[in-house]
Amino acid sequence: MEIGEKIYGFEVKEKKYVREVEGDIIQMEHLSTGAQVVVIDNQDVKKSFLVGFRTIPKDSTGVFHILEHSVLNGSRRYPDKATFVNLMKHSMAEFVNAITYPDHTVYPFCTENEKDFMNLMDVYLNAVFCPNVLTDKEIFEQEGWHFQCEDGKAPEINGVVYNEMKGVFSSLDSILEDEMSKAMFPETAYRFVAGGFPDTIPALSYEEFLEYYRTFYNASNCCIVLYGRMNTEQLFEYIDKVYLGKMKRSKPAKPVMLQKPVKRIRNKLYDKEKFGDQGVFASCTYSLGDFDNRERMNAVYILMQAIMGEDEAPMKKGLIQSLGIPEIQYFIMDGIRQPYLAVKIKNTDKETAGRLKTVITEQADRLCREGIGEEVLVSAINRLEFWMREKGGSRPEGIEYVLDIADGWAQGTGPCEMIEFEETYVKMRTLVKEGYFESLLREILLENAHEAEAYLEPLEKAEEKGKEEETEDLPGLSADDLLHKKDEPLTRAEEESGITYLRQEIPSKGVAYQSCYFDISDLKPEKVPYAKLFSELLGSLPTRTHSLEELVIEKNMWLGNARAYLEAYTNADDIRHVRLKFVMDISCLEQNLPRAVKLGEELLYDTILEQPEIILKRIRQSRMELERGFVTSGNSYASGRAAAHYMLEGAARERYNGIHYYQFLGKLLKNFDADQGQIIRELKEIQEKLCRKSNLVMSFTGTEKAYGDFRQLIAASGFCGSAREREPGWYQDKLLPGKSEAFIIPSEVSYVALGGIGEYTGKDYLLGRMVSFDYLWAKIRAEGGAYGCQMSVLPNQSWTMSSYRDPNVKRTIEAFRNTSSWLKDLELGEQELLNYKIGAVAGYDRTPKTYVQAKRMDSWYLRQEEPQVRAKVREGLLKASEEDLKNRRQAMESFAGEGTVCVLGNRARIEEAAGQFDNVTVLME
Ligand SMILES: [Zn+2]
């Protein structure tokens with residue numbers, strides 16, 4: 001393809017080789033409609049696709065969010081309402097999603113399989129261009145909002161988006177964010193809640209909804225992005241012939257208009273009865289200029305990482321000290337026409353909140369005068385460059401790229417500007433010496449004409465206030481597509497000087513990953529939370545060779561990521577056999593390996609624990625993080641808590657990761673002054689235990705040469721000389737008593753979990769997916785209005801069902817308990833069964849990112865799970881017949897009927913179901 005060339009109704013406008021993606025970026029336009037297409041033509045087998053529209057809201061009814069949900073509920077060629085859920089269960093896709101942003105909506109997916117790519121692309125294009133919601137009002141009502149009447153009760157509003165947004169606005173963080181947008185953009189579309197404000201959603205009528213669809217979902221307002229190794233000509237032909245070529249040209253939507261500079265302050269009261277007393281929240285926001293200036297935006301990211309990225313970073317440290325608070329956060333709102341920076345504090349008092357702005361100004365002014373420091377800036381540049389290269393995170397790389405390009409397109413910024421960073425980084429390194437970052441800081445924080453403040457305060461009393469066309473089933477893959485099975489990468493295990501080395505043979509792009517596993521299975525259960533606290537403290541305390549400030553710089557300069565934590569591993573042969581490990585993961589660029597090994601050793605063995613103030617701060621932070629977790633992902637805490645009732649691994653996890661740990665931290669906090677000496681002694685005991693290095697396992701992923709270096713470095717380090725015990729013991733603990741519990745949290749929605757022991761076979765794995773996508777989806781999501789639901793069947797033999805952002809509690813528990821009756825009436829048919837198998841086996845075979853794969857392989861080794869086990873599960877899954885699945889009814893009945901229930905959620909909903917629980921606890925006030 002060359003510039004000016006015309007291919008199937010498209011014309012090539014620009015083409016450029018871009019090193020960051022190792023391929024060409026090609027910009028094209030569809031001639032008759034003006035639709036924009038961007039192709040990233042490289043050799044990545046993980047092919048990605050995105051279709052997107054500019055969607056500019058005129059109010060907070062969430063119309064584009066409801067559209068996003070609705071178009072995925074069946075289309076002309078794929079009329080099944082469950083299209084989207086079917087995609088998840090039928091296709092090999094690794095990523096299938098749809099996202100509504102403040103000014104655009106995108107539908108991206110990623111798959112490794114060529115045929116699957118064609119199928120999915122057609123499903124996506126059919127969904128956005130020919131959705132059934134245009135003629136089927138019920139879809140709008142189910143996804144958007146409707147009245148629901150139950151006998152003897154007043155009608156209530158229900159709907160998937162309505163409930164989802166109620167969940168979002170149960171968090172004061174979301175409310176504060178909304179206030180920030182309103183303050184920054186009083187005159188533009190960004191003052192609206194694009195996802196929908198719960199009380200405003202019911203103002204949207206079906207007719208208006210259709211009108212919005214016609215205005216915004218058309219070819220001239222659309223952008224398509226293709227990424228990876230594929231036959232593009234064939235795709236263009238198809239897209240033109242079946243879709244774009246049949247459409248008329250209309251006017252594309254314009255990007256959101258620019259807000260002229262304003263200075264605003266907004267104050268809002270929140271209802272203390274509804275949210276609990278969470279103190280005062282405050283934020284100061286600063287405009288960062290135009291999205292289009294990506295070089296400046298890159299510089300802003302570096303600047304903020306340097307001065308605010310760590311507790312010890314110069315600005316953050318100054319703010320925390322001057323305000324006398326434990327924590328302060330910042331974030332950069334990017335991806336909108338005028339990005340902004342926000343600095344916020346929460347759970348504070350009015351007086352402190354009132355000083356925030358002044359203190360920011362003082363600190364910025366000090367840094368501008370004294371200078372930020374070359375070392376701090378260079379280390380921030382190194383760190384961001386590591387992130388850009390590694391492209392960590394859970395999403396495939398291709399998805400990151402297509403989303404970035406769509407962000408750019410929505411704001412009128414070209415694709416290359418969104419992807420290229422190498423030159424900018426070279427330039428940034430030279431600018432460090434020229435005072436560039438100090439003047440940038442001055443422009444943003446001291447001389448900004450466009451800025452705002454927003455405050456939330458508790459209020460004592462509650463506030464008053466038709467042509468026939470052939471239809472098709474979802475295009476499926478055939479049984480042949482399943483036969484191909486990738487070989488598993490190998491683990492090479494070797495022993496030397498008492499240490500077991502695992503070399504994980506996976507390619508890793510110049511990055512080295514190392515993990516140390518210390519066995520702490522003989523720890524008494526009540527000491528486990530101290531080990532966790534110790535792991536959380538590493539890196540926030542000074543060491544014998546470095547002050548905290550120096551340590552932070554060292555870490556940023558030489559390490560990619562460093563993390564210590566606890567993990568329990570259930571033995572593959574017997575679930576009563578659990579090992580507890582203290583784990584430290586470190587990644588770095590390979591050339592920095594010597595420094596990384598040294599730093600790891602220093603963190604573990606030379607950390608100075610006599611720092612009560614820092615320990616106190618850490619305890620507060622960990623509690624805050626857990627509280628955030630309870631409200632935003634209560635499902636995982638509910639499932640985890642349930643597991644503590646029926647399996648040893650669950651009991652261990654609860655001590656270091658769950659409600660138990662949260663309550664443990666609460667107790668420490670209460671008597672901290674009196675007990676600090678004892679707490680420090682407990683932590684020291686943990687440190688000494690790790691120094692004995694019993695049964696140390698070290699895993700390494702990187703090149704062969706780096707591995708050789710690694711072995712030498714370890715042999716010469718303090719890690720060497722592990723105390724080997726032939727028969728290390730198993731972790732001992734008691735299970736929690738009782739069968740059901742509920743915890744009240746300040747939230748409008750709830751999280752319900754049911755868990756128990758089950759078998760882990762191919763059949764059961766398949767069954768778990770079917771329960772998720774067929775039964776739970778219909779009962780809990782479509783009928784019940786919850787945002788999500790899932791059944792998981794795990795290798796540790798734990799079965800769990802859970803709901804996410806659920807308006808119900810009682811009804812959900814009943815639905816869980818009744819699962820086996822659904823299984824009794826199940827009628828699948830060959831094709832449907834095959835479809836399930838495809839989705840299940842794809843999930844099983846997927847190639848994860850390097851560090852995820854390495855961790856997974858470590859866990860196979862530590863759990864003593866043989867490759868045959870996985871091969872057998874895979875085979876069992878593929879061979880399962882409908883009869884086999886129905887035969888699992890007995891197992892399902894005892895699991896669903898007798899499993900442990902745990903709920904985190906809304907007080908009223910829990911109280912309605914009080915009879916179901918052994919005990920109800922108020923977890924957060
Ligand atoms: Zn949604």
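Is Ser-497 buried, partly exposed or exposed? Ser-497 is partly exposed, with a relative accessible area of 46%; the cut-offs are under 20% for buried, over 50% for exposed and partly exposed in between, with a 1.4 Å probe and protein chains only.

Some ground rules. This is a predicted model, in which local features need pLDDT of at least 70 and side-chain atom pairs count only at pLDDT 80 or more, while totals for chains, interfaces and linings use all residues. Residues are numbered from 1 along each chain as its sequence is written, and side-chain values use heavy atoms, with hydrogens and water left out.

Back to Ser-497. The residue sits in the loop between S17 and S18; helices (H or I, at least four residues) and strands (E, at least two) are DSSP runs, numbered from the N terminus. Most residues other than glycine have a negative phi. Glu-22 is another case, with phi near 50°. Glu-22 lies in the loop between strand S2 (10–18) and strand S3 (23–30), and at 63% relative accessibility it counts as exposed.

Now the sheet. Six strands form an open sheet in the order S17-S18-S22-S19-S21-S20, with mixed pairing; two strands pair if DSSP finds at least two bridges between them. Strand S17 (491–496) and strand S20 (562–570) are at the edges with a single partner strand each, so one side of each has no neighbour in the sheet. From one strand to the next the twist averages 20°; axes are lines fitted to C-alpha atoms, for helices over the stretch in contact, and angles run from 0 to 180 degrees between N-to-C directions. S20 pairs with strand S21 (residues 578–589) in the antiparallel sense, over nine bridges.

Helix H24 (residues 648–657) lies across S20 and S21, at about 155° to S20. Helix H32 (residues 850–862) also packs on the sheet, touching S17, strand S18 (499–504), strand S19 (511–519), S20, S21 and strand S22 (697–701). The direction of H32 makes about 30° with that of S19. Contact means heavy atoms within 4.5 Å.

Next, Met-180, in helix H6 (residues 172–184). At 1% relative accessibility, Met-180 counts as buried. Leaving aside neighbours within four places in sequence, its contacts include Phe-331, Tyr-340 and Ala-454.

On a 1 Å grid over the protein atoms alone, a cavity is a set of points where a 1.4 Å probe fits but cannot get out; a pocket is an open set with protein on both sides within 12 Å along at least five of seven lines, and lining residues have an atom within 4 Å of a point. Grid points are joined across faces, edges and corners, and a volume is the space filled by probe spheres set on the points.

The second largest pocket holds about 880 Å³. It is lined by 33 residues, and those closest to its centre are Asn-347, Arg-623, Met-624, Glu-627 and Tyr-662. Among the elements giving two or more residues are H6 and helix H22 (612–632), and H22 gives the most, with seven.

The second largest cavity has a volume of about 30 Å³. Its lining is Asp-311, Ser-540, Ile-614, Lys-617, Arg-618 and Gln-621.
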